[in-house]
Structure formats: structure tokens, C-alpha cells
Amino acid sequence: MAHEGLIGGGQGRRPVVRDTAVGQPFETLRSFTAWAGRIGRTPGQRTVEIARRGASAAAAAALRMAEGAPVIEVLRLRLLDGAPVMVERAAFVEHVGRLLFDFDPDTASIYAHLADRGVDLQSARHTIDAVGADETDAALLGVAPGTPLLRERRHTSSAAGVPLEYGEDRYRPDRVTFTIDNARPAAAGAGQELRVRKDAEK
């Protein structure tokens, strides 16, 4: 259990039982489905739309393209044990996003499908902040417009550093939280290591 993060303590310290929040490495932070499965919850999703449209200013900057250049956008409501917890927005470069037109995103992980089709989703940068719920968020999540939500913005790239996806996920903070753990490596002069954990509220 210690390697799962459920028992704390160490040399000279009495073991204590921690809460059941599970630490998230990159792979499961990126994939909602993998994260939910790891913590023993049932993931679900309801796709609102998959559409080809011009890239927004934010997506264009992240994907290194001109604003208005074609991208494939995905809007989904994500569920845990049937309860709405997150609104997922993603903009994929066109040649990657087109692989979703022959896939039902309500049935499985988009990332797993793209990986199976040979897409090199190798690394991502995550930025976490807060934002007020817009009308779409409010309707899908069952909250009032303006309700504070946790926002995770994601820039996903190939191993060669080519941008493939810009994502923006908005979580209900009463159902999902993020915890940041800092640890200084043992080697003298080394930089700090940073781990981010995403926790589901019971």
C-alpha cells in the first residue's frame, strides 16, 4: 500500500494512514479514463460535438499556426460514477483530429484511440488555474454561471516537439482537486522535482 500513496511515514517515523487520493504521473494526468480506472472509479463521457473549425487565438498560439487555420475541436462532458465532474475542450491539428471522425468518443479514451492509430502523443505541459463557469460549463456541470471551476490547460506534443493538441478542461472543485508535491532531490545543487496529483472527492 505504501507505493500507492496510502501509507505515510519513513525512517524514525510511525506509519500513518493517509487519505485515499492517488498521485498522478503524466500518463494518467493526461488521460481522464486511465486516472479514473486507477482510483477505482467508473469513467464516463458524453460527447457534445466534434467539429472542424478555425483555430481560436489560444489554440493557434499553442499549435503554432495562424489563427483561423483548420483544427478539429472536441467538446465532451466527463463523468465519474455517472456524476458530471469536468467539461473537456480540445483542439487537435487537422490530420490528427480527423482520426476521430471514425471513432465513437463516448465508448473509450480518445488518447488510447489516437495512440492505436500511431499518433505520437509523447509529452504535455499542464497549466492549472481557476475560471468562472460560462453558460456551456454551467449547463453541462449543473452549476450556476460564474461558479469557480478548476481549469487545466494542456499543450500536447510529439517526441520531436511538434504540437498536436491544445486542451482546456474545467473541473468542479467540489468533486476533483489537484495537489502539488515538491521534493528536493538528494543530489547537491539539483533542481526541485514537482509532482501533481489529481484527487476525486468521494
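## Gln45 and its polar partners

In this predicted model, the side chain of Gln45 forms a polar contact with the side chain of Arg78 at 2.9 Å; a polar contact is a pair of N or O atoms within 3.5 Å, where within protein one must be able to donate a hydrogen and the other to accept it, and residues adjacent in sequence count only if both atoms are side-chain atoms. The Gln45 side chain also reaches the backbone oxygen of Asp106 at 3.0 Å.

Gln45 lies in strand 3 (residues 43-54); strands (E, at least two residues) and helices (H or I, at least four) are DSSP runs, numbered from the N terminus. With a relative accessibility of 14%, Gln45 counts as buried, that is, under 20% relative accessible area with a 1.4 Å probe and protein chains only. Beyond its neighbours within four places in sequence, its contacts (heavy atoms within 4.5 Å) include Thr33, Leu77 and Pro105.

## Leu149 in strand 7

Leu149 belongs to strand 7 (residues 148-157) and is buried, at 2% relative accessible area. Asp174, 25 residues away in sequence, has its C-alpha 9.1 Å from that of Leu149.

## Leu99 in a loop

Leu99 sits in the loop between helix 4 (94-97) and helix 5 (110-116), and its 19% relative accessibility counts as buried. Its contacts, leaving aside neighbours within four places in sequence, are His113, Leu114, Arg117 and Val119.

## Basis of the values

Residues are numbered from 1 along each chain as its sequence is written, and side-chain values use heavy atoms, without hydrogens and water. The model is predicted: local features need pLDDT of at least 70, side-chain atom pairs count only at pLDDT 80 or more, and totals for chains, interfaces and linings use all residues.

How values were computed
Buried < 20%, exposed > 50% of the residue type's maximum accessible area, 1.4 Å probe, protein only.
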